[in-house]
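Open the structure in your viewer and keep the selection panel at hand. The tour goes stop by stop.

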Amino acid sequence: MVVTSTFGCTSNTQQEKQSGNNINFSIPEGWELHWMPGEGTVIWMDGDPRIRVMEMSKQKFDAKHDQALHIDNTTFMVKTHNKTMDGINVETFWTTDGNSGDIQDYYFFSKNDKYYYVLAWAYTGWDSSKQSRFRQHIDKAVKSIVSTIT
């Protein structure tokens, strides 16, 4: 079953494909489609955490990547790492807001000559166990998106 991102919220199983702005991927188990204004497709896990998946031109992808490389580290704590997910190199920027403790993470990857930018966020405050748990959920979801995106 293909689900099209229009209005409202649609719940899916893991095998169903999500289609929005020409982005197709299987919605990971425990996540659901959530309509939000803006680019790409948004999924969430009962409110938090949330993930927005966007396909971009190479030029726009490079510009977003450059922004991530220059995140204000006086306001945000930043950790970067490269991961291999399903044979695809994924560059990851984990950021924590220095004021609120909320997380906002960025994932960049290319697959089949297409460029993808994934923004994940959650309102965690300074609860480190919540930050860790949400990042585990996000990483697992991004791995599923990377492996199923077409």
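Predicted model: local features only at pLDDT ≥ 70, side-chain atom pairs only at ≥ 80, totals over all residues.

Numbering starts from 1 along each chain as its sequence is written, and side-chain values use heavy atoms, with hydrogens and water left out.

**Stop 1: the cores.** Select I51 and Y107. They have the most contacts inside the largest nonpolar core, which has 27 residues. Such a core is a set of buried Ala, Val, Leu, Ile, Met, Phe, Trp, Tyr and Cys residues joined through side-chain atoms within 4.5 Å; buried means under 20% relative accessible area with a 1.4 Å probe, protein chains only. Helices (H or I, at least four residues) and strands (E, at least two) are DSSP runs, numbered from the N terminus. Helix 2 gives the largest share, 6 residues. Another core, of 11 residues, lies apart; among them are M56, F61, I71 and F108.

**Stop 2: strand 9.** Strand 9 is largely enclosed by the rest of the structure, because 8 of its 10 residues are buried.

**Stop 3: its partners.** Show strand 8 (residues 76-85), which pairs antiparallel with strand 9 over 10 bridges; pairing takes at least two DSSP bridges. D86, in the turn of this hairpin, has a positive phi of about 55 degrees. Strand 10 also runs antiparallel to strand 9, joined by 6 bridges. In that hairpin's turn, G101 has a positive phi of about 85 degrees.

**Stop 4: T96.** Finish here. T96 stands opposite M77, and its bridge partner in strand 10 is I103.

Terms used: Buried < 20%, exposed > 50% of the residue type's maximum accessible area, 1.4 Å probe, protein only.
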